[in-house]
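This report describes a structural model for a reader who works from coordinates.

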Amino acid sequence: MIKKMVMDEERLREVLTLARIGLPEEEFPEVLGRVNAVLRMCDEMQELDCSNVRPFEWDVKKAPARREDVPVKWAGRDRFLEQAPVRDGDFFKVPRIIALESESEGE
Amino acid sequence: MDFYKLSAREIADGVRNGRFKSEEVVSVLLERIKKYDKKYNAVVTLCEETAHKQAQAVDAAVSRGEDPGPLAGVPYLTKDNFCTDGIRTTCGSKMLKDWIPCYDATPVRNMRNAGAVLIGKTNMDEFAMGSTTESSVFGPTLNPRDDSRVPGGSSGGSAAAVAAGYCPIALGSDTGGSIRQPSAFCGVQGMKPSYGQVSRYGIVAYVSSLDQVGPITRNIDDMSLAMDVLAKADSNDSTCDAYDRPSFSGAVAAASLKGKKIAVLSGFDKESMDKPLVDAIDRTVEICRAAGAEVAEAELPITMKHAVACYYMVALGDASSKLACYDGMRYGHHEDGKNLSEMYKKSRQNGFGDEVRRRILIGTCILTRGYYENYYVPATQVRQLIADEYAALFKNADALICPISPALPYKKGLVEEDPVRIYLGDAFTSTANLAGLPGISLNVGFTPEGLPTNVQILGPRFGDADILAVAAAIEKKAGSPAIAELDAEGGC
């Protein structure tokens, strides 16, 4: 059954929350236009009868090599922590995780 | 000596035989990049210090009587989504502009173990999302064949670099055509190997079920040399098949079209294509026939009608979850927020460019209830139908000849005017990624205006050596492309 769907402003707000991306309201019309243009490009695909088709999966010629489950030498904690935008000693520093009720709107 | 004109095989042979040193070749190519790339912007990071050290190590090994490997002293560039230990890896994004990995991607390690010398990292569409190399945080790359046009993408920097004579081999990644289309736009040879042929460990993922790594070169012999080095099982990539690979160079050395069954794609709208690209297919078919191949037309009705839609649904759904790891906390672009959620949103809003944000939003949307059942799930089923259609075709054919892109290289700026048209440009290439097939972008000539005309050669999954042989046999007749004539003046 063909079901053409349209992304509206309400769904865009939900998607922005799920994707953890901010978007200024003035950019909403342009983004909605582009998203819906892509969805229209994809509508025809629903014409195909796929009722007896299994979703795609890869086959293998020879099972991939597996690593031994043993410790290996690695670059070390400091090299990772050097990349941290905000750091407190040996820790990544992050803002408060448990938000106040007044701050959690839209979550 | 004009070292920049040499093929990878010529450089490796010269270095191994002691006729010249890797250090000399590397110095010449680094100078060439510094002279011309202010204009073309194909290279975003030059690895001068490490390149000289690597080249000196290769030369020292030769002087000790050791064999540094099949790519001894050959300078190469890699797309900037391959992790390089101690060298920044940006994916063309503000999000990773200062990120320095602490390990090498497996293809980079394999190239080094074979004696190749990494001289720099190339420009790309941000996170490999695009086909024009205009969305990079470093600005656009220009096409060395015509600087008013884009080099294609997303591996546009790698293809432009090979066309410009910066190196004989550059590495790219191909999720929906990102090696083959820029190779076509820049008039060089590019290969997307079969899914599972080359390890992707250390490649920053766009879509794990579609991404594949491959070489861009100026001739098929160099491509086979690179494939011998790159195509290896890897216990760090569970999608990399462990089968015993054939010798790709061996297949190319024995190349012949006699008795080969070659299918030619029909049933698509040739009227909407640029005519020189239709003519290029006809010319290639004639070469095959004249060399003793059996040529027959073949259609792929489901594939040609639904591949682009299927590709974008699969790709964007997967990409939205892949790119969830950029949180502005452990590495990458960071912006302060009054709580964790605001920090995520601001870091991702300002760290990603417009096209990446759009693709994440579409991908997130199609994984939500309603859209998932109506778009994403059907796409995974249509993908199976496409794979089945190709499998049926390759029961009766050794290779398929078809276009790469319906258009000659785009003029700059088209992506902003008509993004859906750009998406539809993936129709002939994305199918190989959906079905996991190997594909080669082969240059068979140029228009009178100097624009390249490439054709695509596809084969059954793991038929990489066979299509390399077909490409080599066609190249013998069509010739391999020359280095572009560069002009140091002007720029982006």
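## A loop residue in chain B

Ser247(B) lies in the loop between α7 (220-230) and α8 (248-253) of chain B, where helices (H or I, at least four residues) and strands (E, at least two) are DSSP runs, numbered from the N terminus. Ser247(B) is partly exposed, with 13 other C-beta atoms within 10 Å; on this scale a residue is buried if 20 or more other C-beta atoms lie within 10 Å of its own, exposed if 12 or fewer, and partly exposed in between, with C-beta atoms placed from the backbone. The C-alpha atoms of Ser247(B) and Ser224(B) are separated by 8.3 Å, although these residues are 23 residues apart along the chain.

## Basis of the description

This is a predicted model, in which local features need pLDDT of at least 70 and side-chain atom pairs count only at pLDDT 80 or more, while totals for chains, interfaces and linings use all residues. Residues are numbered from 1 along each chain as its sequence is written, and chains are lettered from A and ligands numbered from 1 in the order in which they are written.

## The sheet of chain B

Chain B has an open sheet of 11 strands with mixed pairing, in the order β1-β3-β2-β4-β6-β5-β10-β11-β9-β7-β8; two strands pair if DSSP finds at least two bridges between them. The edge strands, each pairing on one side only, are β1 (43-46) and β8 of chain B. Neighbouring strands of this sheet are turned by 25° against each other on average, direction ignored, with axes being lines fitted to C-alpha atoms, for helices over the stretch in contact, and angles running from 0 to 180 degrees between N-to-C directions.

Strand β7 (residues 261-265) of chain B runs parallel to strand β8 (residues 294-298) of chain B, joined by 5 bridges, with Val264(B) opposite Glu297(B) in β8(B). β7(B) also pairs in the parallel sense with strand β9 (residues 399-402) of chain B over 3 bridges, and here Ile262(B) stands opposite Ala399(B).

Leaving aside neighbours within four places in sequence, the contacts of Tyr76(B) include Met111(B), Ile119(B), Cys167(B) and Leu171(B), a contact being two residues whose C-beta atoms, placed from the backbone, lie within 7 Å.

## Chain A against chain B

The contact takes 50 residues from chain A and 66 residues from chain B. On the side of chain A that touches chain B, the elements that give two or more residues are α1 and α2 (28-43) of chain A, and α2(A) gives the most, with 7 residues.

Helix α1 (residues 9-19) of chain A has Val15(A), Leu16(A) and Ala19(A) as its buried residues. Seen down the axis of α1(A), these fall within an arc of 105°, so they line one face of the helix; the arc is that of the directions from the helix axis to the C-beta atoms. Their cover includes α10 and α12 (354-366) of chain B. Just after α1(A), Arg20(A) takes a positive phi of about 50°.
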